[in-house]
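Colleague: I am new to this structure and would appreciate a short tour. Could we look at it together?

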Amino acid sequence: MAKITTATLLKMKQQGEKISTITAYDASFAKLFDQAGIHAILIGDSLGMVLQGQNDTLPVSIGDMAYHTGCVARGVEETLIIADMPFMTYATTEQAYSNAAKLMQAGASMVKMEGGLWLVDTIKGLVERGIPVCGHLGLTPQSVNVFGGFKVQGRQEDKALEMVEHAKALEAAGVQLIVLECIPEGLGKAISEAVSIPTIGIGAGKHTDGQILVMHDALGISCSYMPKFSRNFLVDTGDIKKAIELYIEEVSNGNFPGPDHIFK
């Protein structure tokens, strides 16, 4: 298989093929996921919770992200590598340019940022400077204190319509991929149909163009709890590589997420 790029993912959307994505934080797991055929790996700031034992993602630094991005990059041959921009590392355009450069130099092929309209100018500037951007709408964990906790977003009609407009604005600014987290399935479908770029859901229903899971959830090794939108694929296989292959297969054939994993 050839190196996967954003153009690969766009072609998959256009052809109706589902995209499978997972988080990873080190070379060993990244290599295994790469060999299993995963389309994209996200070095998520979720590492604050699953690796560092933090209560949320806010303490994660750009140094943490660059270190783990480098580790993942050294284990990957074909998979697209996306790296999270952590909390308050892109509050201004100049901050965003400097910190995105660190992640790209560490081995990322794309950076991910949480937010809507306020990011438009920053995104345009990054893209103009050769840095691909992945957007993130819905439950954006870096805003957990604003939301009052980890809650489903976009259930009210006005909020849903607003999120669709934010997605369109992100695409117009140059975003090539959008993660949709913890939103009603119908809204996930509406956004996916409203933009021409691929959407990747996590708790956003089965009508998005792809899915992403935190690897610890997909393997049933999370130390806190199993989110509603996740599934333990390791329990079905007893083998990590086979578990990821099953995840890819279940996403591809539309069996995951199932009725138990979605929000209405």
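Colleague: How many bridges join strand β1 to strand β8?
Modeller: This is a predicted model. In it, strand β1 (residues 19-23) and strand β8 (residues 210-213) run parallel and are joined by four bridges. The partner of I19 in β8 is G210.

Colleague: What do the strands form, then?
Modeller: Eight strands make a closed barrel in the order β1-β2-β3-β4-β5-β6-β7-β8, with parallel pairing. On average, neighbouring strands of this sheet are turned by 25° against each other, direction ignored.

Colleague: Which strands does helix α5 touch?
Modeller: Helix α5 (residues 93-106) packs on the sheet and touches β3 (80-84) and β4 (110-112). The direction of α5 makes about 130° with that of β4.

Colleague: Turning to β6, are its residues mostly covered or uncovered?
Modeller: Five of the five residues of β6 are buried. L177, V179 and E181 lie on one side, and I178 and L180 on the other. In a regular strand, side chains alternate between the two faces of the sheet.

Colleague: Which residues of α9 are buried?
Modeller: In helix α9 (residues 185-194), they are E185, L187, G188, I191 and S192. Seen down the helix axis, these buried residues fall within an arc of 160°, so they line one face of α9. G186 and E193, on the other side, are exposed.

Colleague: What do those buried residues pack against?
Modeller: The buried residues of α9 pack against α1 (6-14), α8 (157-173), β6 (177-181) and β7 (199-202).

Conventions. Residues numbered from 1 in each chain as written. Predicted model: local features only at pLDDT ≥ 70, side-chain atom pairs only at ≥ 80, totals over all residues. Heavy atoms only, no water. Pairing = 2+ DSSP bridges. Helix = DSSP H or I, 4+ residues; strand = E, 2+ residues; numbered from the N terminus. Axes fitted to C-alpha atoms, helices over the stretch in contact; angles between N-to-C directions. Contact = heavy atoms within 4.5 Å. Buried < 20%, exposed > 50% of the residue type's maximum accessible area, 1.4 Å probe, protein only. Arc of directions from axis to C-beta.
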